[in-house]
Amino acid sequence: TEGDLVGSVVLTVIVESGYWRVQLAWPSHPRRYFGKFHSRAEAQKWIEQHRWLTEQRNEPDVSSRAASARTLPD
């Protein structure tokens, strides 16, 4: 159906309210933000460990994946 293929996600490290986050952006969808990292390097490491997200054509449910993955911070 239309909207199922939303394109690839773009993962970007941003700083927000004194901590680092990963911005997840899909074409034509609201941006989402993940994590509260203490450094840019920690956020970059998270992106490298979760590069599979950039290969997804459908927007994954990050919250359910986070619950099952030990490498994801609260």
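**Exercise 1. Determine what share of the protein chain counts as buried.**

Solution. Of the 74 residues in the protein chain, 31% count as buried. Here, buried means under 20% relative accessible area (1.4 Å probe, protein chains only). The model is predicted: local features need pLDDT of at least 70, side-chain atom pairs count only at pLDDT 80 or more, and totals for chains, interfaces and linings use all residues. Residues are numbered from 1 along each chain as its sequence is written, and side-chain values use heavy atoms, with hydrogens and water left out.

**Exercise 2. State which pattern of helices and strands the protein chain follows.**

Solution. Begin with the count: the protein chain has 2 helices and 3 strands. Helices (H or I, at least four residues) and strands (E, at least two) are DSSP runs, numbered from the N terminus. Read along the sequence, they give the pattern β-β-β-α-α.

**Exercise 3. Describe the order and pairing of the strands in the sheet.**

Solution. The 3 strands form an open sheet in the order E1-E2-E3, with antiparallel pairing. Strands E1 (10-16) and E3 (32-37) each have a single partner strand and stand at the edges, so one side of each lacks a neighbour in the sheet. Next, consider E2 (residues 19-25), which pairs with E3 in the antiparallel sense over 4 bridges; two strands pair if DSSP finds at least two bridges between them. Within this arrangement, Val22 stands opposite Phe34 in E3.

**Exercise 4. Locate helix H1 relative to the strands.**

Solution. Helix H1 (residues 40-49) lies across E1, E2 and E3. Its direction is at about 160° to E1, where axes are lines fitted to C-alpha atoms, for helices over the stretch in contact (heavy atoms within 4.5 Å), and angles run from 0 to 180 degrees between N-to-C directions.

Key: Buried < 20%, exposed > 50% of the residue type's maximum accessible area, 1.4 Å probe, protein only.
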